[in-house]
Amino acid sequence: MKAYNLIGDRFVRLRDAFAELRRACIRQEALLGPFVLLSITIVRAGLTMMVLCGTYLLLGGELSLLVFVLFLVVGSRVFDPLTSALTNFTEFRYFSIAGGRILTLMNEPEMKGERLSPEAGDIRFEHVSFSYQDKEVLHDISMTFTENSLTALVGPSGSGKSTVMKLCARFYDPQKGRIFFNGVPTDEINPESLMNHITMVFQDVYLFQDTIRNNIRFGKTDATEEEIIAAARKACCHDFIMRLPQGYDTMVGEGGCTLSGGEKQRISIARAILKDARIILLDEATASLDPENEAEVQKAIDTLIKGRTVIAIAHRMKTIKNADRIIVMDNGQIKEEGTHETLMQADGLYTRLWNIQEHISGWRL
């Protein structure tokens with residue numbers, strides 16, 4: 001807003017929004033105020049009427065003193081909550097709107113699945129199509145991610161790579177086709193059981209406003225201090241943590257705002273190492289890092305993926321050159337797949353992307 005000199009324009013919108021809120025509140029109070037005040041007056045008059053009637057009956061001998069006192073005690077306790085409820089009647093209208101939103105969320109259908117997830121195995125897509133609302137982003141794709149191998153997903157932006165990754169983790173279920181995990185349909189597996197065997201390292205890392213220790217322990221809540229430090233060492237972040245004022249007890253700002261991008265990334269990898277899952281999903285974990293941090297993060301990733309099933313999204317082609325298999329996607333479809341050598345010989349989309357990056361990396365001013 002500052003860069004485009006729109007501060008005044010945006011403030012006018014904010015001021016108008018507050019003014020409309022004020023008018024709406026006044027309308028609400030004006031409509032309900034007289035009714036609430038009249039109701040409170042009637043309710044408060046109830047205790048007065050009780051005293052007058054009780055005194056009349058007491059003097060006439062139709063009511064004992066004990067019963068009269070009992071009615072006064074009970075009556076005084078009954079009218080107070082009624083008065084409070086009437087006073088807060090306007091707020092109840094606001095609460096009903098908020099409650100409606102909560103109920104809408106609570107009524108969303110839960111993901112089904114009762115079977116326990118296998119610890120490891122191939123992940124197989126069979127004629128899978130997936131849409132975000134009305135926009136279909138995957139079109140009838142079939143592929144297999146082999147156990148104990150590194151499979152890379154490459155392709156232009158918007159080709160469906162991240163969607164494939166989220167379907168592997170069962171963040172969503174496909175509208176068409178099925179996904180199998182070690183031969184078991186994922187829609188029959190309990191989602192929480194499945195996530196016990198999957199770890200994701202995102203490009204955009206989110207850290208909680210807590211200590212570094214607890215952010216790493218998020219991968220395994222019952223981890224010991226020794227396990228946390230060992231994971232941090234493997235992720236190449238122990239040294240910079242120890243240089244912080246309180247070491248592992250240093251508080252991290254919301255979202256990790258007090259750390260650099262490379263530091264956040266390495267802590268997220270330490271979290272993944274600590275979880276020790278058999279399947280690793282890497283969503284371009286080094287894309288936004290400077291060369292020095294990228295080298296450190298790459299070493300941490302090499303430690304993380306040893307002996308595991310790894311699916312990696314890559315925009316920098318050199319980082320996945322030695323992958324066991326490379327799947328090239330475009331417009332939600334699989335265009336090519338194979339090793340780096342076979343894809344280069346095919347002279348297709350992969351070759352074009354590789355040559356573009358080679359040309360850019362060799363450019364000089």
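Trainee: Which residue in E4 is the bridge partner of Phe 125?

Mentor: The general idea is that strands of a sheet pair through backbone hydrogen bonds, either parallel or antiparallel. In this predicted model, Phe 125 has Ile 179 of E4 as its bridge partner. That contact belongs to the pairing of E1 with E4 (residues 176-181), which is antiparallel and comprises 5 bridges.

Trainee: How many bridges join E1 to E2?

Mentor: Strand E1 (residues 123-132) and strand E2 (residues 135-145) are joined by 7 bridges and run antiparallel. Within E2, Phe 145 is the residue opposite Ile 123. The hairpin of E1 and E2 has 2 residues between the strands, and Gln 133 adopts a positive phi near 55 degrees there.

Trainee: In what order do the strands of the sheet lie?

Mentor: The open sheet has 4 strands in the order E2-E1-E4-E5, with antiparallel pairing. E2 and E5 (184-185) are at the edges and each has a single partner strand, so one side of each lacks a neighbour in the sheet. For E5, the pairing with E4 is antiparallel over 2 bridges, and Pro 185 in E5 stands opposite Phe 180.

Trainee: Which helix lies across E1, E2 and E4?

Mentor: As a general idea, in a regular strand the side chains alternate between the two faces of the sheet. Here, helix H4 (residues 161-168) lies across these three strands, E1, E2 and E4, and runs at about 120 degrees to E1.

Key
Residues are numbered from 1 along each chain as its sequence is written. This is a predicted model: local features need pLDDT of at least 70, side-chain atom pairs count only at pLDDT 80 or more; totals for chains, interfaces and linings use all residues. Side-chain values use heavy atoms; hydrogens and water are left out. Two strands pair if DSSP finds at least two bridges between them. Contact means heavy atoms within 4.5 Å. Axes are lines fitted to C-alpha atoms, for helices over the stretch in contact, and angles run from 0 to 180 degrees between N-to-C directions.
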